[in-house]
Amino acid sequence: MTAGRRSRTVQRVLFPEDERAPVALYLGDASEGVRYERSTLHLPPRGRASLNSYFSAFPAALWTRVTGTPSVTLLGEVRGTAAVRVLVRNALDVAVHTLTVRDGPFAHRTVLSPGDEWVWAEIESGEVGSALSGLRWDLDEADMGSSAVCITTHNRPADCLKVLEALAGDSEVLRYLDQVIVVDQGTRRVRDEPGYAAVSQSLGTRLRPIEQANLGGSGGFSRGMIEAAAAGVDHVVLLDDDVRLEPESVRRMISFASRSSTPVLVGAHMLNLLLPTRLHSWGERVDPKRFDWAPVAPELQDVELTARDLTAMPADARVEFNGWWMCLVPASAIRTLGAALPYFIKWDDTEFALRASAAGIPTVTMPGAALWHLPWTGKDDGLDWQAYFQLRNRIVTALLHSRTRRGGSILRATFALDVNHVLCMQYGSAAARRLALRDVLRGPSHLDETLVTRISELRELMERAGQVVVADSELPRPEAPTGPPRPTNPPSSLWRLVRVVVHQARRPHASDPSRVDARLTRSEGKWWALGLLDSATVESATGRGSFVARRGRRLSITLLRDALLLRGRLWLAWPRLARAYRKAAPELAGADAWTARYGPPGPRSTPAVAPLPSADTGGNAA
């Protein structure tokens, strides 16, 4: 454990080392001939560069609200001569402070006022050009405490190794880290990956590899949280394995948490790995009626950062939770609240944040702290075994935290999703969600009873339902190149719904396994097209292969009937179940319960997954 570590710098102004990282997120408008290294900016004679950019501007509004920061100082060193302008934006105006610097260090302190959103710098060189190095934003010196990073990984050894290499390659970030915990739950171990030995040597005693059975994200992150808290650290940064990391983000989050007067969860933004200049979401909230997650504001979702003036956007969007793709959790919160519930995946981060908020520990999402991750639109997680966890964990979280007495809005909203799955011939998803409702009705004991076994059973269910991605070379031939056109207005949507209902009541036509009615793209694979077809192929989210869907009328009726009846039972049992789950939650999330789960799995009393009823003509086999 590193003792007595203190720091003034809260945000370094850096430029990308990774050629895949967009320069525009680090450097704003710049004249021709401007060059950069990781911590140095080179300007030609009369060159100009703006640091009004995602990773370089200082989000003053967030810092002042949470930490009470009265001022911030920009420091650096100039070779040559440069005019440095420090700009402050608030709701009314932009204030500009200019200083001229010749060959040497400089510092400019900016007093922050209520309403100030962003602070950033713009630089103009003199007649012979200039170089600026070591640019950084400083506050008063503070004790940084001790910190750990916890990475949970499952059969992504190469991806996980890249994250470790990014951390190991930044000596300044490593100064802040006492432990780098890797919870490896896969069958392909990170330690067997070429390059692991070199990373292990670089990280030295900080690296703590832990290998265990696959308990999902909730099991992996809980193991890291509990191990780190037991070791006495102050902050635990949870980090996904399949990401591209800007390591400075870790340092900024720790600096922020260390200066907060009360414990706070500090989240990082998710940038789109496929479209690297797009911010997938600025922050997250939970809809109190439908109890579903959503962006904190529509205009802060899927933001093209290079097409907008960053400082015209809020630096402090109020959020309710942050995904555990990257989130700092205070160790004091873990010691008080426990770790995640045994959800396996999905909603564990949301539930923990709601639990923390109820205990007076809020969540903030920090601009300028981010990583690149595959967005949800690039995944089929609603069409595979994860459909079970999405519904089950959503309803359990609602039972724990919703103020509704019977869960009517939640049950109606989730039933609409089941109807959509059935109309889209996604019978595997509907069956997995049926099982989720049955498990919720069994009470909180099912969370432990199914933690290890349910995933394999769900995968078998999807195989039996035929809801798996088929390679392009093996797809049946389409009768038509595309399906029905999308309705363009409310009247046409209503008429399309009538036609879909009529079509669904008919018996499917005889099915030729080698042919389907149409081939649909992912965006076309919706109820308004699939609801009028008896068979189709639908492109997967990755674009590699497609799902093959075939309609089964009897199967549709059975699944819709069960979805309705099970929700009726849930509506009646909601108050009793809410009491049961709330009583059991503290023990389920506790360190003792998780420690027991880490041992070798023994016999489990898990009901078998019921097979789907056999479909009539054209139905998927299951």
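Which residue stands opposite Ala-268 in β19? The legends below explore this predicted model, and the first one gives the answer.

**View 1. Strand β13 alongside strand β19.** Here you can follow β13 (residues 265–272) next to β19 (residues 363–373). The two strands run parallel and are joined by eight bridges. Look for Ala-268: the residue standing opposite, in β19, is Met-366.

**View 2. Strand β13 with strands β18 and β14.** Now find β18 (residues 326–330), which runs antiparallel to β13 and is joined to it by two bridges. Val-266 has Leu-328 of β18 as its bridge partner. Strand β14 (residues 278–281) also pairs with β13 in the antiparallel sense, over two bridges. To get from β13 to β14, trace the hairpin of five residues that joins them.

**View 3. Helices α9 and α11 side by side.** Two packed helices are described by the angle between their axes and the distance between the axes. The axes of α9 (residues 386–401) and α11 (residues 427–442) come within 7 Å and cross at roughly 30°. With angles under 35 degrees counting as roughly parallel, α9 and α11 are therefore roughly parallel to each other. Their crossing is right-handed. Residues making the contact include Leu-391 and Ile-395 of α9, and Ala-432 and Leu-435 of α11. Sorted by class, this contact has 11 nonpolar, one polar and three charged residues.

Methods:
Residues are numbered from 1 along each chain as its sequence is written. This is a predicted model: local features need pLDDT of at least 70, side-chain atom pairs count only at pLDDT 80 or more; totals for chains, interfaces and linings use all residues. Side-chain values use heavy atoms; hydrogens and water are left out. Axes are lines fitted to C-alpha atoms, for helices over the stretch in contact, and angles run from 0 to 180 degrees between N-to-C directions. Helices (H or I, at least four residues) and strands (E, at least two) are DSSP runs, numbered from the N terminus. Angles under 35 degrees count as roughly parallel, over 145 as roughly antiparallel, 65 to 115 as roughly perpendicular and the rest as oblique. A crossing is left-handed if the near helix is turned anticlockwise from the far one by less than a right angle, and right-handed if clockwise. Contact means heavy atoms within 4.5 Å. Ala, Val, Leu, Ile, Met, Phe, Trp, Tyr, Cys and Pro count as nonpolar, Asp, Glu, Lys and Arg as charged, and the others, Gly among them, as polar. Buried means under 20% relative accessible area, exposed over 50%, partly exposed in between (1.4 Å probe, protein chains only). Two strands pair if DSSP finds at least two bridges between them.
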